[in-house]
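Subject: Handover of a structure, with notes

Dear colleague,

Please read them with the structure open beside you.

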Amino acid sequence: MRHRFEDCLIDTGTRELFRENQRIHLSPKAFQLLLLLLESRPNAVSKDDIHKALWPDSFVADGNLANLVSELREGLGDDAANPRIIRTVPRFGYSFPASVEPLEAAAVSPEPAPPGSCRLLWGDRELPLGEGENLIGRDENAAVRIDDASVSRYHARILIEGFVAKLEDLGSKNGTHLGDRRLTGAVALRDGDAIRLGSVLLTFRRPGTGEATETASIR
């Protein structure tokens, strides 16, 4: 689903944000916060509820949330002194006061992944990967959803830029492994690489491999 507000456009399906037709790169947590405020509008969301949604299994200082809000405002071109999009509710939390225009579903339906595009193989299923950031996890908003108890809500991400693909763990509980190695930073992926998220085994395929598998919905 795509929504337009101010001079921004957000695609909640592909997890992309654009301002004045330029792609805006946000950290996964900042994008998650934006979705939370957008979906809760016009109601304000308390800091406690934000912490529970963004950091459900750990305690973090309020400064982390303040940094995310600053990142959002910078990306959205919003002014903290005269906010149009992200409003601070004193001693409570934040809200999303901007007017939002849902775009026509028919005009924004995602197209099937083209043959030869990067993808993950999970058993007999094929999970397409798009250009840019692909969040992988158990959450229903993850671009690649893997509904398994050993996988965190936002477990890892694969960033694709042209023919370069990089895998990165997102602080998951059970870790992200490339082969036998647990990741501590971003690593480049090659065709056929074995990836393990918790107990889930995946295989990364990149353009030109040509093998046929059953395509499964990732939503």
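Two strands are said to pair here if DSSP finds at least two bridges between them, and the strands themselves (E, at least two residues), like the helices (H or I, at least four residues), are DSSP runs numbered from the N terminus. With that in mind, 5 strands form an open sheet in the order β12-β11-β13-β14-β17, and the pairing within this sheet is mixed. At its edges stand β12 (144–145) and β17 (187–188), each with a single partner strand, so one side of each is left without a neighbour in the sheet. Strand β14 (residues 164–169) pairs with β17 in the antiparallel sense over 2 bridges, and in β17 it is Val-187 that stands opposite Leu-167.

Before going further, please note that this is a predicted model, in which local features need pLDDT of at least 70 and side-chain atom pairs count only at pLDDT 80 or more, while totals for chains, interfaces and linings use all residues. Residues are numbered from 1 along each chain as its sequence is written, and side-chain values use heavy atoms, with hydrogens and water left out.

As for the protein as a whole, its secondary structure comes to 4 helices and 20 strands. Of its 219 residues, 44% are buried, where buried means under 20% relative accessible area, exposed means over 50%, and partly exposed lies in between (1.4 Å probe, protein chains only). If one takes the contacts (heavy atoms within 4.5 Å) between residues at least 6 apart in sequence, 47% of them join residues at least 24 apart.

Strand β1 (residues 2–5) has a covered face, made of His-3 and Phe-5, and an uncovered one with Arg-2 and Arg-4. β1 pairs with strand β2 (residues 8–11) in the antiparallel sense over 4 bridges; here His-3 stands opposite Ile-10, and Arg-2 has Asp-11 as its bridge partner. The hairpin of β1 and β2 has 2 residues between the strands, and Glu-6 in this hairpin takes a positive phi near 50 degrees. β1 also pairs with β8, again in the antiparallel sense, over 2 bridges, and the partner of His-3 in β8 is Pro-102.

In β2, by contrast, both faces are covered, with Cys-8 and Ile-10 buried on one side and Leu-9 and Asp-11 buried on the other. β2 goes on to pair with strand β3 (residues 16–19) in the antiparallel sense over 4 bridges, with Ile-10 opposite Leu-17. These two strands form a hairpin with 4 residues between them, and Arg-15 in the turn has a positive phi of about 55 degrees.

Which rings pair in this structure, and in what geometry? There is 1 aromatic pair, and in it the rings of Phe-5 and Phe-96 have their centres 5.1 Å apart and their planes at 85 degrees, so the pair is edge-to-face. (Rings of Phe, Tyr and Trp, the last by its six-membered ring, pair if their centres lie within 6.5 Å; planes under 30 degrees apart count as stacked, over 60 as edge-to-face and the rest as tilted.) The pair links distant parts of the chain, since Phe-96 lies in the loop between β7 (93–95) and β8 (101–102), 91 residues apart from Phe-5. Both Phe-5 and Phe-96 are buried.

β7 itself belongs to an open sheet of 3 strands, in the order β5-β7-β6 and with antiparallel pairing. The edge strands are β5 (45–46) and β6 (87–89), each of which pairs on one side only. Between β5 and β7 there are 2 bridges, and Ser-46 stands opposite Gly-93.

Finally, the axes of helix α1 (residues 28–40) and helix α3 (residues 62–76) come within 9 Å and cross at roughly 80 degrees. That makes α1 roughly perpendicular to α3, a term used for angles of 65 to 115 degrees, whereas angles under 35 count as roughly parallel, over 145 as roughly antiparallel and the rest as oblique. The axes are lines fitted to C-alpha atoms, for helices over the stretch in contact, and the angles run from 0 to 180 degrees between N-to-C directions. Lys-29, Ala-30, Leu-33 and Leu-34 in α1 meet a set of residues in α3 that includes Leu-65, Leu-68 and Val-69.
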